[in-house]
Amino acid sequence: MTETQHHATAPEDRIPLGQKSAYAVGMLVNNLQAAALPAMMVILNIGLGMSPILVGIIGFVPRIFDAVSDPLMGYISDRTRTRWGRRRPFIFIGALLAGVIFAAMWQMPSGQSETFYYRTFLTASIAYFLIYTIYATPFVALGFEMTPDYHERTRLQAFANTFGQLAWLGAPAIWWFIANKDFFPDEAAGARYLAIWIGGAISLLGIAPAIFCRERQTLAPSTDDSDETEGGVLNELFLFFRGVATTFRCGPFVKLCLATFLVFNGFMLGTSFSLYVMIYYVFQQPDTVEGINSIAASINPLSGYALNSFDLDSAKSSAGGLNFWFGFLTSVATLLVIPFTGYLSTIIGKRKTFLITIPLSLVGYGLKWFGYNTLHPYWLLAACPFVAFGTGSLFTLMGSMVADVCDYDELDSHQRREGMFGAIYWWMVKVGLALAGLLTGVLLEVSGFDVNRGILQTEETLLLLRVFDVGVPLITSAIAIAIMMTYELTETRSHEIREELIRRRGKLSA
């Protein structure tokens, strides 16, 4: 099949602006917490002195629970029937609870031991992610089923992701805000204050999709198998695990998961090193680490750490400024990339759009290598527009393509399983994020980075930090491009699948 045959969107398949806006507010909440968590977790290492390995474990362990809770929540919401729908009650309750827990998890006192911070934050993180699943999984599924139209799905994702991108505009200022000595005595105090505001936003804004969006009528939860309504809990568990296995056997879906896993989490893993590179390489003083070490040795050859704090505060401040502008300009560029992606995909198709936008992001990663310049630090900003093509196009396209996969799946399963597909898709993303956090700690150890050395990091360490920052997303994105070259659900094929489903069970109306 080719992607040159286009189909007009029927009026009844268009989503009203009010519902699009409500869903976009929910996307803002989703991005807000996603942007805030990794930015604030930096304080566990730099602010509270926790080992990077322990920080990585804190980021990874909750995803073990997600491995069960996300698909289970998707399965439950797929099979739930209430007068308010199968998604909206969970969205409402989940948003309220998640906001409260987010605010509470950062209220840690200063001056405690590393063990105290580790145990407390690990427990709180597990609780938060379990509760947030109640909101996030039905919310994602709701977006998949708000329209059956191939192009309107992309328009919804583009609209919602454009609005949700506003959260990333403020994300680069998080470190500057919580580390600002004019506002707070230390980073932990800043995080405690900021968490209250973010938690409040999650609770108040997160309920908007539950109140204003409408679900389409859906199929009965059972299939053609006569024994699926009997058997109680054991049979439900059997159906759940069978559903998970069936989802992983869906070829187009697996390709989407792998591509997203590689592009997004490669980007996140690389970005984890950016602040370190800025502080300890770009803004090091004097000009070279060898100069610092020679001065330190002349003062006290036995100590090795004579200049632990030599200009470190200045480097942190300067890096905070550069990090803010890099993140801010990338987010601004992403705001332009998202609607462009939505438009382009209606012209040439979703797969071909992916194969244009992601290679452009590779150019951005390459430019970062040259942008890390100690004499001209702000050369780094030249990479922003190109990097934005990766972060901006990915979820706009993938959210729409997973919705197409749900139609593809219905041909075989005779069920609408948006919850299960959405849960597993985003679980794969979150597992990647957790692995990125874990690998950040491991790779920091591999690089030889030692927070106790202050500005006195070795040349080998600084080189490896830059290699990890730039090389990881370059490699992972290139692999994702190769995978998506074989993706098979074109516009023509998706339209054929929809027509077949309509002949089988009629249209699903709002």
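Which residues of H5 are buried? In this predicted model, the list runs Tyr150, His151, Glu152, Arg153, Thr154, Leu156, Gln157, Ala158, Ala160, Asn161 and Gly164. That's 11 of the helix's 15 residues, so H5 is mostly covered.

**The whole protein**
- The fold has 19 helices and 0 strands.
- Of its 510 residues, 57% count as buried.

**H5 on its own**
- H5 covers residues 150-164.
- With 15 residues at 1.5 Å each, H5 should span 21 Å, and its end C-alpha atoms do sit 21 Å apart, so the two figures agree.
- At the start of H5, Asp149 points a side-chain oxygen to within 3.0 Å of the backbone nitrogen of His151.

**H5 against H16**
- Two packed helices are described by the angle between their axes and the distance between the axes.
- For H5 and H16 (residues 384-413), the angle is about 145 degrees and the axes are 8 Å apart.
- Their crossing is right-handed.
- On the H5 side, Tyr150, Arg153, Thr154, Gln157, Ala158 and Asn161 make the contact.
- H16 answers with Phe395, Thr396, Gly399, Ser400, Ala403, Asp404 and Asp407.
- Sorted by type, the residues of this contact come out as 4 nonpolar, 6 polar and 3 charged.
- As for the spacing, an α-helix has 3.6 residues a turn, so residues three or four places apart point the same way.

Conventions
Residues are numbered from 1 along each chain as its sequence is written. This is a predicted model: local features need pLDDT of at least 70, side-chain atom pairs count only at pLDDT 80 or more; totals for chains, interfaces and linings use all residues. Side-chain values use heavy atoms; hydrogens and water are left out. Axes are lines fitted to C-alpha atoms, for helices over the stretch in contact, and angles run from 0 to 180 degrees between N-to-C directions. Helices (H or I, at least four residues) and strands (E, at least two) are DSSP runs, numbered from the N terminus. A crossing is left-handed if the near helix is turned anticlockwise from the far one by less than a right angle, and right-handed if clockwise. Contact means heavy atoms within 4.5 Å. Ala, Val, Leu, Ile, Met, Phe, Trp, Tyr, Cys and Pro count as nonpolar, Asp, Glu, Lys and Arg as charged, and the others, Gly among them, as polar. The expected span of a helix is 1.5 Å times one less than its number of residues. Buried means under 20% relative accessible area, exposed over 50%, partly exposed in between (1.4 Å probe, protein chains only). A polar contact is a pair of N or O atoms within 3.5 Å; within protein, one must be able to donate a hydrogen and the other to accept it, and residues adjacent in sequence count only if both atoms are side-chain atoms.
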